[in-house]
Amino acid sequence: MDQTKSKALFTKACDVIPGGVNSPVRAFKSVGGTPPFISHAKGAHIFDVDGNKYVDFIGSWGPMILGHANDEVLGEIARVMEKGTSFGAPTELEITMAEAIIERVPAVDVVRLVNSGTEATMSAIRLARGVTKRDKCIKFNGCYHGHGDSFLIAAGSGATTLGIPNSPGVTKATAQDTLLANFNDIESVKEVFEKYPEDIACVIVEPIAGNMGCIPPQDNFLQDLRTLCSKYNALLIFDEVMTGFRVARGGANELYGVDPDLLCFGKVIGGGLPIGAYGGKRDLMNHVAPAGPVYQAGTLSGNPVAVTAGLETLKRLTPEVYETLEEIGGYMQSKLHDIITKNGYPLSQTRVGSMVCLFFTPNEVRNFADVQKCDLEKFNLFFHEMLKQGVYLAPSQFEAGFLGICHTKEIIDEVAEKAQKALSVVFS
Ligand code: PMP
């Protein structure tokens with residue numbers, strides 16, 4: 001694999017951008033090597049500046065559910081841009097987007113658009129604190145909710161990959177207000193509530209954890225969270241930045257039948273452009289300025305180009321498309337299952353719809369402690385063996401893989417063959 005141009009660009013980038021990248025996980029820090037610099041992408045494939053072609057399982061970390069550079073979405077973006085790219089004043093498109101979200105997610109009566117998932121979670125937790133007049137929040141070890149100070153405590157994703165779960169710059173006072181519990185372990189949540197029965201504003205959770213690999217909620221974990229939050233008058237926040245409009249038309253809350261008080265979105269609703277959103281029950285959301293006193297704002301919020309890309313993406317995510325995504329995910333899982341069982345490899349898999357993960361441990365993975373037992377050296381080797389063969393996986397064991405409608409059975413067959421080859425090197 002020729003990497004001449006990527007290597008030169010990475011050297012140059014490291015001079016002018018911290019670590020050469022604008023988001024840490026892109027730097028290949030934990031797997032080593034040089035990240036390919038991307039020139040363009042189409043459908044299920046991305047291409048780098050050296051002319052290498054990869055099957056892409058990152059999908060821009062979630063948004064590209066329709067595949068890259070969908071012609072119809074691009075056409076609509078071009079059309080709307082002719083009218084101007086930002087006004088800093090209300091547009092009808094924003095109502096259409098709010099209605100599209102509300103129609104799909106019954107727990108949302110009112111929704112505010114922001115510019116990223118991070119903004120959505122930061123705003124939701126401020127709202128929860130403002131409404132309940134309490135300071136503390138519960139988050140789960142290994143869950144990632146963006147880089148807001150309150151969430152950079154035992155966070156997953158890049159924070160775990162880089163081994164800086166508690167970032168310098170987060171004050172002690174902030175860290176003290178973030179209480180930790182374990183995913184899929186309701187007893188650990190009960191203990192925290194019993195210790196601080198009057199102080200907890202909210203519990204924030206990725207309903208399907210996607211930032212420590214992919215870990216589905218088990219038993220009645222989400223339902224039990226709902227019950228506990230109601231009992232202690234704390235708000236339940238589902239961070240559906242990753243799962244929203246991906247794992248089901250209405251997201252994970254629909255899939256598991258749980259009604260959170262507030263929800264956060266991003267990724268898919270921007271169709272590859274910067275966007276985020278938070279929403280929930282009317283009486284809560286009406287505390288947000290200017291309807292209420294909890295302040296939150298944004299120069300580019302509700303940007304017409306991002307909103308159009310998102311709306312055009314949502315429009316194409318019909319019930320049939322979700323069935324196709326489930327089929328594609330199931331097919332991928334069964335192919336990997338065959339390889340694992342035939343060879344007796346010490347691996348385990350998880351999947352919810354089009355979110356997939358291969359863990360380098362033979363044991364079931366239910367929480368962050370389980371993921372940390374994975375053989376990271378073997379994962380890294382596997383990652384590079386796949387990359388060499390033109391398969392671009394997330395460069396960390398602590399990330400999920402994303403499928404989209406362009407991952408055809410033919411592509412998955414080809415990837416499965418390559419995975420078999422890579423695994424035989426890893427376990428040779
Ligand atoms: N929440 C979750 C569940 C996420 O996966 C992410 C991003 N991976 C975020 C929040 C932050 O979103 P953004 O990167 O758009 O700020």
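Me: Over how many bridges do strand 11 and strand 12 pair?
Reply: Helices (H or I, at least four residues) and strands (E, at least two) are DSSP runs, numbered from the N terminus. Two strands pair if DSSP finds at least two bridges between them. Strand 11 and strand 12 pair in the antiparallel sense, and the number of bridges is 5.

Me: Before going on, what pLDDT does the chain average?
Reply: This is a predicted model, where local features need pLDDT of at least 70, side-chain atom pairs count only at pLDDT 80 or more, and totals for chains, interfaces and linings use all residues. Residues are numbered from 1 along each chain as its sequence is written. pLDDT is the predictor's confidence in each residue, from 0 to 100. Here 98% of the residues score at least 70, and the chain average is 96.

Me: Back to the pair of strands: which residue of strand 12 does S348 stand opposite?
Reply: Strand 11 covers 348–352 and strand 12 covers 355–359. The two run antiparallel, and the residue opposite S348 is F359.

Me: What is the bridge partner of H40 in strand 2?
Reply: Strand 1 and strand 2 (residues 45–48) run antiparallel and are joined by 4 bridges. In strand 2, the partner of H40 is F47.

Me: Which element gives the most to the side of domain 1 that touches domain 2?
Reply: An automatic or database domain assignment sets the bounds: domain 1 is 4–65 + 318–426 and domain 2 is 71–316. Two residues are in contact if their C-beta atoms, placed from the backbone, lie within 7 Å, and 33 residues of domain 1 are in contact with 33 residues of domain 2. Elements giving two or more residues on the domain 1 side include helix 12 (319–343) and helix 13 (368–371). The one that gives the most, with 4 residues, is strand 12.

Me: At what angle do the axes of helix 3 and helix 11 cross?
Reply: Helix 3 (residues 92–104) and helix 11 (residues 304–316) have axes that come within 10 Å. Among the residues making the contact are L93 and M97 of helix 3 and V307 and L311 of helix 11. The crossing angle is roughly 35°.

Me: Which residues does the cis peptide bond join?
Reply: Most residues other than glycine have a negative phi, and most peptide bonds are trans. The loop between helix 10 (282–285) and helix 11 holds P290. With omega about 5°, the cis bond joins A289 and P290.

Me: Where is the place of A69?
Reply: A69 is not a glycine, although its phi is positive, about 50°. Its place is in the loop between strand 3 (53–56) and helix 2 (71–81).

Conventions: Axes are lines fitted to C-alpha atoms, for helices over the stretch in contact, and angles run from 0 to 180 degrees between N-to-C directions.
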